[in-house]
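I opened this notebook page to record what I looked up in the structure.

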Amino acid sequence: MSDGRVRVVVTGLGAVTPFGVGVRTFWEAILSGRSGVGEMDDPVLARWSPVAARARDFDAADHLPKRLVRNTDRVTQMALVAAEEALADAGLLGDVPFSGLDRDRVGISMGSVFGGVVSLEAGAARLARNPSARGEPRLVSKAIPNAPAGALAMRHGLRGPVMTYSTACASSANSIGEALYWLGAGAADAVIAGGTECLFSPAILAGLASSSAIALKGPEDPGAWSRPFAADRRGMVMGEGAAVLVLEPLERALARGARVYAELAGYGTSNDAYHETAPDPSGEGAVLAMERALRSSGVPARDVGYVNAHATATPAGDLAESKALKKVFGEYLETLPVSSIKGAVGHMLGAAGAIESLATVLALQEGVLPPTINCENRDPEAPPDVVPLRSREQQIETAMSNSFGFGGQNAALIWRRA
């Protein structure tokens with residue numbers, strides 16, 4: 001680029017979602033308007049989360065060695081499988097893995113809100129039932145939030161910078177954005193970036209339900225409970241999964257003949273400094289993140305052709321984001337497509353920013369915008385064009401992906417078509 005900045009591009013994608021393992025499985029499902037939300041299959045958890053977007057078809061034993069499965073939590077297992085697909089997609093797992101790359105300069109930047117909380121809570125419950133019971137030797141290594149990143153580094157022998165970001169629902173958007181800084185500063189030659197989350201535990205779901213974040217009632221069809229931007233939305237539906245992107249400088253990607261999906265052109269982050277769980281109703285914190293992302297990319301707001309919204313289907317969250325979008329885009333918002341995929345995959349928390357970035361990258365590459373399903377009755381305060389109900393063929397050059405979370409965490413990413 002003329003200003004001397006390093007151009008960073010996506011060369012590999014991988015995902016585990018409520019639709020199953022694989023990027024194509026995910027993409028085809030959301031473009032067809034399907035929902036991955038169903039009735040909660042655990043009667044204990046159903047008390048706090050009557051419906052959920054669980055990765056029901058994911059069995060780690062189908063993809064990973066038995067010992068690795070035994071020694072890791074599901075949150076790590078999903079990250080490993082998604083990363084394996086992304087690395088293979090990037091051409092880095094051939095006959096000579098990571099050929100042409102120094103493994104000491106391959107970084108890992110992951111996002112996760114809770115880490116292996118399911119293993120942690122199971123261990124606590126075991127001791128509560130029998131205080132004299134022997135603790136599980138692997139409990140801590142399964143439960144710590146950086147377990148997925150550490151396991152990924154060990155599995156592939158990667159010794160570059162390895163960091164885990166836990167910034168609520170913005171975790172994996174931050175992990176991707178921070179990777180942009182690493183590559184721009186020359187701290188790494190490639191970065192495996194993304195997020196993973198599995199939080200189906202009584203304590204977490206009970207807490208979310210008590211804070212009025214989770215939808216406890218909805219239509220007869222469980223797949224219609226998550227209703228971003230709809231006037232009758234009642235709260236978010238929890239999802240699980242992992243999404244991973246391989247990022248590297250454009251020049252290096254071209255030199256090794258890699259396929260380039262899209263360019264990561266900008267990143268902005270901020271904090272509301274307002275409330276522990278509620279967004280600032282004015283949307284000012286979100287405005288700061290979006291404006292910083294646009295400024296860092298050099299892209300004016302009028303050149304953004306699509307926004308993948310955070311839009312969790314909570315009354316307060318969707319409204320605050322809608323106000324923020326109006327402040328950033330002004331009159332242009334009247335014709336700007338803004339959609340949310342959370343009606344299809346639920347809210348994957350620490351993995352949300354990554355799976356939504358992945359959807360944004362594919363929208364740029366393939367010229368198809370994912371729909372906001374279940375939004376038959378759009379909230380009048382929502383953006384005018386939420387790409388309702390059905391996907392839309394539309395070529396775009398630049399897109400924004402938003403992620404906003406508890407604690408006032410905000411992140412926005414700017415993507416350009418390759």
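Entry 1: I worked from a predicted model. I looked up how helix H7, residues 171-185, meets helix H13, residues 352-366: the two pack at an angle of about 65°, and their axes lie 5 Å apart. I then listed the residues that make the contact. From H7 these are Ser172, Ala173 and Ile176, and from H13 they are Ala352, Gly353, Ala354 and Ser357. I sorted the residues of this contact by class and found four nonpolar, three polar and no charged.

**Entry 2: the largest pocket.** I noted a volume of about 440 Å³ for the largest pocket. Its lining comprises 28 residues, and those closest to the pocket centre are Thr277, Pro279, Thr314, Gly317 and Phe406. H11 gives the most, with six residues. By class, I recorded twelve nonpolar, twelve polar and four charged residues in the lining of the largest pocket.

**Entry 3: the second largest pocket.** For the second largest pocket I noted a volume of about 280 Å³. I found 13 residues lining this pocket, with Asn71, Thr72, Ser141, Ala151 and Met154 nearest its centre. Which helix gives the most to this lining? I identified helix H6, residues 147-156, which contributes five residues. The lining of the second largest pocket divides into five nonpolar, six polar and two charged residues.

How values were computed. Residues are numbered from 1 along each chain as its sequence is written. This is a predicted model: local features need pLDDT of at least 70, side-chain atom pairs count only at pLDDT 80 or more; totals for chains, interfaces and linings use all residues. Side-chain values use heavy atoms; hydrogens and water are left out. Axes are lines fitted to C-alpha atoms, for helices over the stretch in contact, and angles run from 0 to 180 degrees between N-to-C directions. Helices (H or I, at least four residues) and strands (E, at least two) are DSSP runs, numbered from the N terminus. Contact means heavy atoms within 4.5 Å. Ala, Val, Leu, Ile, Met, Phe, Trp, Tyr, Cys and Pro count as nonpolar, Asp, Glu, Lys and Arg as charged, and the others, Gly among them, as polar. On a 1 Å grid over the protein atoms alone, a cavity is a set of points where a 1.4 Å probe fits but cannot get out, and a pocket is an open set with protein on both sides within 12 Å along at least five of seven lines; lining residues have an atom within 4 Å of a point. Grid points are joined across faces, edges and corners, and a volume is the space filled by probe spheres set on the points.
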